[in-house]
Amino acid sequence: MGSQSSSGMSGGRGSSSGNPAEQSDAAEPNQSSSSSSSSRGRRTADRQQGDRQPASEEDVDLAEVLAYLLRRGQVRLVHGSGATGLQLVQSYSDSDEDSDGAWEGRLGDRYNPPVDSQPDTHEVDCSEIRTQILLATASSALKNKHSFTHMLTEREQGRCRGSSFSHGECSRIRTHFLPNYVSHKDTYQQKAFCGVYSENGNIFLSACQDQNIRLYDTTRGRFHLRQKVKARDVGWSVLDVCFTPDAQHVLYSSWSDYIHLCSIDGDSENHTALDLNPDERRFCVFSLAASTDGKEILGGANDGCLYVFDLDQNKRTLKIDAHEDDVNAVAFADSSSQLLFSGSDDALCKVWDRRTLREDRPQPVGQLAGHRDGITFIHSKGDARYLISNSKDQSIKLWDVRKFSPKEGLAASRLAVTQQNWDYRWQQVPQRALKRHKLTGDTSVMTYRGHGVLHTLIRCRFSPEFSTGQRFIYSGCSTGKIIIYDVLTGSVVSRLSGHDACVRDVSWHPYEDNIISSSWDGAVRMWEHRQTHPLEEDRETD
């Protein structure tokens, strides 16, 4: 998960902690090319090893262990002074010793993410999401008459339905004025990992590797630091944060057995540790989500499990063995909080019904296959029908949860993942990993290419319903850019440049026209639109 690698033989896990033993993603999602043991088997073996069973120690094959650690990037061979002239060194995800800057997320200038010059829009052209977006932006009756000047002419001639533009027409106008310059900025001494707006957009929440959680007042276009909270029980970095629905508390996770709940209302801080009671010795929750009623917390962890914590009962109520590798992303499908989404390093997205979840029979409603490598993030459109997933295969996919993948699709994705043998934390993307043809059984509605997913779990999201009609998908990028795609055409409509290292997280204000990016260069930047010409159509800022 976290900031780590596609592992040796498969998609690998991806995050690290300050403890060298915790630096690797975790085990591969599927089967090794040299061994038939699955990652679930490896997790079981880890637990047995943790219990120090003498019998298992007698059966250890040291050559096999070494090959496994090399594939996962946990150790590397360097020239040494020993009899063989080689020496083993442990890999640290954020070591300053590597001159190539890979651990610092600065490989961007050496990688130009591939772009689809002619995206395949066949599926999206006949999809429901197309109708939704066209209606939300008052574009359904238009025939290539989307220009701002045409809309102004129509209004001046009294052809608007009312005295002024409708809400949909206002959303369509705003698509011509996307953010393109930095209006506010804050800089930290260490990497910025997470950043998200509150539901009403009045607070921006930022988490940094310096173990501080910062809250900014963003009312009326401001960007002022209002509170700084020292996170507790942090291993390596805070890896995910979210607000409770009332915005009175924040949740955060790290390499720890606990999710932490911290009050932000008032002058005093009240930290509560929510014990997930995992079986793993090295445990991390990579992704968090709070239910709409604020009663349950959903987490995805490095043991391949989904966790549900009930705040009223103050205990973990569910632990679901969900995936064959790290669960890097979780989300609620809509405001009902009954459908859950999860994404993993096994390259699968799974859909779960909260009402039928049972620990003894963890059965998803359905599975979505099509990615060739681990999934780093998922985001729901909020309608319990569509979601997007970001992946180490350097693509974003749009999914309709009414179109689950068949068995051959699951098999094809599993095979593709097991063939990955590069480490996305510090290696550049090999050409063989950039295959563009669809896998057998890929049921995705659309695929978007043009951003880089290296170093860490880079995030992507739908643009807001209120201001854009969710016309766009926007993503962080390992090249230090923010990439904005048109949902319906698959084309890149904007590239915002300015960061010196990978952009891990991005958050678009729910009602206003600005985006905040969080980067490993230690900078948090607010992007707004600066008008250079009233009718300018070119949104490229490179």
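Colleague: Tyr216, is that buried or exposed?
Modeller: Buried. In this predicted model, Tyr216 has a relative accessible area of 1%.

Colleague: Which ring does Tyr216 pair with?
Modeller: Tyr216 pairs with Phe204, and the ring centres are 6.3 Å apart. The planes meet at 50 degrees, so the pair counts as tilted.

Colleague: Where do those two sit in the chain?
Modeller: Phe204 is in strand β5, residues 203-208, and Tyr216 is in strand β6, residues 212-217. They are 12 residues apart, and the pair links distant parts of the chain.

Colleague: And Phe204, buried or exposed?
Modeller: Phe204 is buried, at a relative accessible area of 0%.

Colleague: What about Tyr197 and Phe204?
Modeller: Those two form an edge-to-face aromatic pair, with 5.5 Å from centre to centre and 70 degrees between the planes. Tyr197 has 6% relative accessibility; buried means under 20%, so Tyr197 counts as buried.

Colleague: Which residues make up the aromatic cluster?
Modeller: Tyr197, Phe204, Tyr216 and Phe223 form one cluster. Across the protein the count of aromatic pairs is 12.

Colleague: Changing topic. Which residues have the most contacts inside the largest nonpolar core?
Modeller: Leu205, Ile213, Leu215, Val241 and Phe243, in a core of 35 residues.

Colleague: Which elements give two or more residues to this core?
Modeller: The strands β4 (192-197), β5, β6, β8 (240-243) and β9 (249-253).

Colleague: Take Val241. What is it in contact with?
Modeller: Setting aside neighbours within four places in sequence, Val241 touches Cys194, Val196, Leu205, Ala207, Ile213, Leu251 and Tyr252.

Colleague: What is in the second core?
Modeller: That one is separate and has 20 residues, among them Leu134, Ile396, Phe462 and Val487.

Colleague: Something else: which charged residues lie over the face of a ring?
Modeller: Two examples. Lys392 lies over the face of Tyr424, at 4.4 Å from the ring centre. Arg530 lies over the face of Tyr181, at 4.0 Å from the ring centre.

Colleague: Stepping back, how many helices and strands does the protein have?
Modeller: Nine helices and 30 strands.

Colleague: How many of the residues count as buried, as a percentage?
Modeller: 58% of the 542 residues.

Colleague: What about the accessible surface?
Modeller: The protein's accessible surface is about 22300 Å², and carbon and sulfur atoms hold 45% of that.

Colleague: Last one. Of contacts with a separation of 6 or more, what share comes from residues 24 or more positions apart?
Modeller: Such residues account for 59% of those contacts.

Technical notes: Residues are numbered from 1 along each chain as its sequence is written. This is a predicted model: local features need pLDDT of at least 70, side-chain atom pairs count only at pLDDT 80 or more; totals for chains, interfaces and linings use all residues. Side-chain values use heavy atoms; hydrogens and water are left out. Rings of Phe, Tyr and Trp (its six-membered ring) pair if their centres lie within 6.5 Å; planes under 30 degrees apart count as stacked, over 60 as edge-to-face and the rest as tilted. Buried means under 20% relative accessible area, exposed over 50%, partly exposed in between (1.4 Å probe, protein chains only). Helices (H or I, at least four residues) and strands (E, at least two) are DSSP runs, numbered from the N terminus. A charge sits over a ring if NZ of Lys or CZ of Arg is within 6 Å of the ring centre and within 35 degrees of the ring normal. Contact means heavy atoms within 4.5 Å. Accessible areas come from the Shrake-Rupley method with a 1.4 Å probe; for residues, only the protein chains shown count as cover. A nonpolar core is a set of buried Ala, Val, Leu, Ile, Met, Phe, Trp, Tyr and Cys residues joined through side-chain atoms within 4.5 Å.
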